[in-house]
Structures are given as C-alpha cells and as structure tokens.
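Student: I should like to learn how to read the features of a structure such as this one. May we go through it step by step?

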Amino acid sequence: MSSFTRRSILGLGASLPFISTALYADSHATVHEVSIEGFAFSPAVLEVAVGDVVKFTNLDGAPHTATANSGAFDTGRLKRGESFELTVTDAGEHPYFCTFHRSMTATITAS
C-alpha cells in the first residue's frame, strides 16, 4: 500500500466503516483476496466476518479502484501489481465499483 493511500485513509478517521489494516488489523483476522483482472472483481460477491481483511490486487494493465457506493472506502488508483488492504468493521452489504470503469461492480457482505 502506498504511503499516500495510507495517509488518505488514516486521515479520514474512525468515521468510516472500513479502515486501513496497517495499524489496526486483528492478528486473528482472515485475509480475503479480491483480484482485479479482465475488468472485473473476483470474486464479485464476497462474504466476510466483521474484523476480516479484504486485500484488493490489480492484475490488469489499466488502473482501477474499489470504491464503496456509500463512499465509505476507496482504494485510490491501483496500478498493475498494486494492492490495498482494508479491515471490515461494519456488518451488512457493501457494494462497490471502479471509478474508472463504472460497469465493474461487486459486493462485500459482512456478518
């Protein structure tokens, strides 16, 4: 995760339901991988527990984001090979999309 992205997320404070894992990850959290490839998120539907970590990795040549519909989280621009990790802190459905390619959508469901 770039220091710019880390500062951006940490600067938003606890008002967001998702926070950077750099300082807050639970050592017992499960890490769930979401790949961004072929202009799609995989898996498109991800079920996690509150406290788990979601790691987004861009495998495409084009830049992508994973941005919550609610604005609660945003990975920022991920170039090929870049990753972003976040910790899920709120239960419920959290749909998200790529700001560059709005047809790319997926959902994290946390319980």
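Tutor: Let us begin with a sheet. Four strands form an open sheet of mixed pairing, in the order β4-β9-β8-β6. Its edge strands are β4 and β6, each of which pairs on one side only. Strands here are DSSP runs of E with at least two residues, helices are runs of H or I with at least four, and both are numbered from the N terminus. Two strands pair if DSSP finds at least two bridges between them.

Student: What kind of coordinates are these, and how are the residues numbered?

Tutor: This is a predicted model, in which local features need pLDDT of at least 70, side-chain atom pairs count only at pLDDT 80 or more, and totals for chains, interfaces and linings use all residues. Residues are numbered from 1 along each chain as its sequence is written, and side-chain values use heavy atoms, with hydrogens and water left out.

Student: What is the average pLDDT of the chain?

Tutor: The term pLDDT denotes the predictor's confidence in each residue, from 0 to 100. The chain averages 83, and 76% of the residues score at least 70. Over residues 1-25, however, the pLDDT is below 50, although this stretch has 44 contacts in the model beyond near neighbours in sequence. A contact means heavy atoms within 4.5 Å. Where pLDDT is low, the predicted coordinates should not be read in detail.

Student: How many helices and strands are in the chain?

Tutor: The chain has two helices and nine strands. Read from the N terminus, the elements run α-β-α-β-β-β-β-β-β-β-β.

Student: How should I read the direction of paired strands?

Tutor: Strands of a sheet pair through backbone hydrogen bonds, either parallel or antiparallel. In this model, β2 and β5 run parallel and are joined by six bridges; Ser35 stands opposite Thr57 in β5. By contrast, β5 and β7 run antiparallel, with five bridges between them, and the bridge partner of Lys55 in β7 is Glu85. Strands β8 and β9 are also antiparallel, joined by six bridges, and His94 stands opposite Ile108 in β9.

Student: Is β5 enclosed by the rest of the structure, or open?

Tutor: Burial is judged by relative accessible area: buried means under 20%, exposed over 50%, and partly exposed in between, with a 1.4 Å probe and protein chains only. Five of the six residues of β5 are buried, so this strand is largely enclosed by the rest of the structure. In the chain of 111 residues, buried residues make up 40%.

Student: How many aromatic pairs does the structure hold?

Tutor: Rings of Phe, Tyr and Trp (its six-membered ring) pair if their centres lie within 6.5 Å; planes under 30 degrees apart count as stacked, over 60 as edge-to-face and the rest as tilted. The structure holds four such pairs. In one of them, the rings of Phe56 and Phe73 have centres 6.3 Å apart and planes at 25°, so the pair is stacked. Phe56 lies in strand β5 (residues 53-58) and Phe73 in the loop between β6 (67-68) and β7 (83-88), so the pair ties together parts that are 17 residues apart in sequence. Phe56 has 0% relative accessibility and counts as buried; Phe73, at 3%, counts as buried too.

Student: How are the rings of Phe56 and Tyr96 arranged?

Tutor: They form an edge-to-face pair, 5.4 Å centre to centre and with 85° between the planes. Tyr96 belongs to strand β8 (residues 92-97) and Phe56 to β5, so this pair ties together parts that are 40 residues apart in sequence. Phe41, Phe56, Phe73 and Tyr96 form one aromatic cluster.

Student: Which residues touch the most other members of the largest nonpolar core?

Tutor: A nonpolar core is a set of buried Ala, Val, Leu, Ile, Met, Phe, Trp, Tyr and Cys residues joined through side-chain atoms within 4.5 Å. Of the 21 residues in the largest core, those that touch the most other members are Phe41, Val54, Phe56, Phe73, Tyr96 and Ile108. The elements giving two or more residues to this core are β2 (31-36), β4 (45-48), β5, β7 and β9 (105-110).

Student: What should I note about the backbone at Pro43 and Phe39?

Tutor: The peptide bond from Ser42 to Pro43 is cis, with omega near 5°, and Pro43 lies in the loop between β3 (41-42) and β4. Phe39, although not a glycine, has a positive phi of about 55°. Phe39 is found in the loop between β2 and β3 and is partly exposed, with a relative accessible area of 43%.
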